[in-house]
Amino acid sequence: MDISLSNVEYRYQAGTPFERLAIQDVTIDIPSGTYLALIGHTGSGKSTVLQHLNALLQPTLGSVKIGDREVKANEKNKNLRAIRQRVGIVFQFPEHQLFEETVEKDIIFGPMNFGVSENAAKERARVALKQVGLGEEILEKSPFDLSGGQMRRIAIAGVLAMNPDVIVLDEPTAGLDPRGRKEIMDMFYNLHKERNLSTILVTHSMEDAARYADQIVIMQQGRVAKRGTPEEIFSAPEDLVQMGLDVPEVVRFQLKLEEKTGLNLGKIYLSIDELTAAVTKRLGGGVRT
Amino acid sequence: MKKSVVSLKDVSFQYDSEEQYALKSVTFDVYEGEWLAIVGHNGSGKSTTAKLLNGLQFPSEGEISVCGLQLNEETVWDVRKRLGMVFQNPDNQFVGTTVQDDVAFGLENMGIPREEMVERVQDALKKVKMDQFLYQEPHHLSGGQKQRVAIAGVLALRPSIIILDEATSMLDPRGREEVLETVRTLKNEKSLTVISITHDLDEAAKADRIIVMNRGEVYREGTPEEIFSMDEELVKLGLDIPFSVKMSKAFRQQGFQLSKHFLTEEELVTELWTSHSRM
Amino acid sequence: MMEKMIFGRYVPAESVMHRMDPRAKLIIIFLFVCIIFLANNWFTYALIGIYTFIMLGMSRVPFKFLFGGLKPILWLVLFTFLLQLFFTKEGALVWSWGPVKIYEEGIRMGLFISLRFFFLILMTSLLTLTTTPIEITDGLETLLNPLKKVKFPVHEMALMMSISLRFIPTLMQETDKIMKAQIARGVEFASGPVKERIKAVIPLLIPLFVSSFKRAEELAVAMEARGYRGGEGRTKYRQLSWRMVDTLQLVALALLTVLLILLRA
């Protein structure tokens, strides 16, 4: 399912003395099957953009097209549920949304709200649980007796069980340890590959953006500052630095190396293996013993 | 001779509700003026260790002493004056309604006279560069700013040891850098001892010493270089390897003969450069 | 609607009222609530009215803003007036239409009671408009201090109040966040039959409770780690300062009381 934002503006508490402009003139196309990373500082407007992706917010100017539906400014929109079923959002610290007595009930909550029968929802819960790497023995437990990492996975399973066409991830690995982080990110990447699931990742991590995304959008002060493939974005690292953003470690290393040695590798490498291979080729490494 | 300011001897701990020990005969020392990183995956016992050091829990077996004081229910309040703690969630440790009130909270508890409090609050906030925000309310501050206020709250009590209990894990990269930079400066300025409980390996790489915890036990103890030469073993423990070590490894696999695993990118670049130019 | 409501809200400004000691303001409001019952004729009500408006003027809170914000409550005042108007059956009959009869005394009582109500609302909102909640807490804590002798937990109460105030914005943000997460999971908070709507609140309330308990627990640990062990031996950072203007205000109120006693019927 394609999503596109055109000239979206959003003001919080519009028409009151507390009015605050959050984003303006935001135009982003997300064709079906894209893995898009949305990057920016806290306060750059990326979470506001995120909430437009399934009509949690209605733009104060411009419009958002989600599949065949269009949400426009100043228009009453009915039955937004249909949109929300197709675009699942995993919010930051999603374990905070758990509330049911058992893990199973919590996972089927979403699907059942969207009219899936109980049996079908339970079946989906089993599938989703497997996807997030947990066993079925957990289904009857209370989500509140689980570890933080397990709760996070349950909450994610609750969104996956809605069988969305698009999944939006807001810092899904915040607070996890390195192993948990890698497992979760790899899981979403596999889902994206296997099901051709459109994925939108809101993140601070340039590493994740470089590793997983095929499109990157950089937000700054409520506007889209840059957009392109990871190669394009990271080929101009000075722009990122100017915006106060990090560059991926590999890129940073390559820049340091090039500066120190006067070597010019000709292009930006985004993985350690590619970079070392390129450097080796140039320096004729491996011959020195 | 290094002076030990904190020492744990055969410390074990078990939570009431659980069968397994959260800590099993843990023994280590923390030396004056060092930055000690305690790393381990979630549930490895590293946070329990922090709670025990501050007397928020008492060990089931073994002994802990802080600055020469045997830690028990009588000495716990004195220990807390010497050892300040910054917790993980920036919101859930902000007690005051404004920045200055929050910093003053610990001082009020100690019964410090008001004139002295005013001075200490100002002084502490200046050290964390938050002195422009005296009257600010917490919900108008970023996570990194709140953590800096928490650090000021600790500093105002003039402790000799500061414990960061995953204090940066909920922050964005900018906030994380702000907080670490602040602590680093403080440590250098006034021989503060820092115990940082973390799973950020890049942060740990900059520590003086690292303790790796696993399943409630001290798994390994050593300098960052020693610890990161464990390599795949760390990954098996649910941890990661710092970027520069990964890079060193990759170059070795390409056939470069490097003298060691490098902990900073600069060192690695220099080594590559010199080996290249010597060819 | 709620955004314009100003009852119980603080409006920052530079004014005599804002700078006054919260203790003085609390005492004045308390006494005002008592002496307003002294008024029982046009003279005395006029006096109270003048006093109230002088106080309002000194607060520098724009009148337009004030009355705009009090609108919902003004309806209540009007309702009180009508109640008195129709149900007081004393004095000369002024007007009648079928069973509806309006007496002279009804008009008088209606006006007096609704005016009293109106002035009370103005004066109490004046307190909250010009005093931050934390100042009110500090003021109450000092004023109630003598109650410690009878084992009333004054310090604990004040601490509880200030911590609640501190966490209100945090909880609002949290509520908003959880609400959005549940809407994304198909909950509809704002539509459907009442029964459905009540059911929809559960997925919001339970996570809020859980997170509040967790916050409370972590906060308690953090407070303990920072050496908190009850009010005993604690000093205070926030300081109240009683100044000339506070004394003058009390004197003014005393004068008003004397005048009221002299002029009442």
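How are α2(C) and α6(C) placed relative to each other: roughly parallel or roughly perpendicular? The first legend answers this. The model is predicted.

**View 1. Helices α2 and α6 of chain C pack against each other.** Helix α2 of chain C covers residues 22–35, and helix α6 of chain C covers residues 133–143. Their axes lie 8 Å apart and meet at an angle of about 75°. An angle of 65 to 115 degrees counts as roughly perpendicular. α2(C) and α6(C) are therefore roughly perpendicular to each other. From α2(C), the contact uses Pro22(C), Arg23(C) and Leu26(C). From α6(C), the residues include Glu135(C), Ile136(C), Asp138(C) and Leu140(C). Five residues of this contact are nonpolar, two are polar and three are charged.

**View 2. Chain C touches chain B.** On the chain C side, 25 residues are in contact with 30 residues of chain B. Helices α7 (154–184) and α8 (194–225) of chain C each supply at least two residues to this side. α8(C) gives the most, with eight residues. The chain C side holds 11 nonpolar, six polar and eight charged residues.

**View 3. Burial and contacts in chain A.** Of the 289 residues in chain A, 47% count as buried. Take the contacts in chain A between residues at least 6 apart in sequence: 62% of them join residues at least 24 apart.

Note on methods:
Residues numbered from 1 in each chain as written. Chains lettered and ligands numbered in written order. Predicted model: local features only at pLDDT ≥ 70, side-chain atom pairs only at ≥ 80, totals over all residues. Axes fitted to C-alpha atoms, helices over the stretch in contact; angles between N-to-C directions. Helix = DSSP H or I, 4+ residues; strand = E, 2+ residues; numbered from the N terminus. Parallel < 35°, antiparallel > 145°, perpendicular 65-115°, else oblique. Contact = placed C-beta atoms within 7 Å. Nonpolar A, V, L, I, M, F, W, Y, C, P; charged D, E, K, R; others polar. Buried ≥ 20, exposed ≤ 12 C-beta atoms within 10 Å, placed from the backbone.
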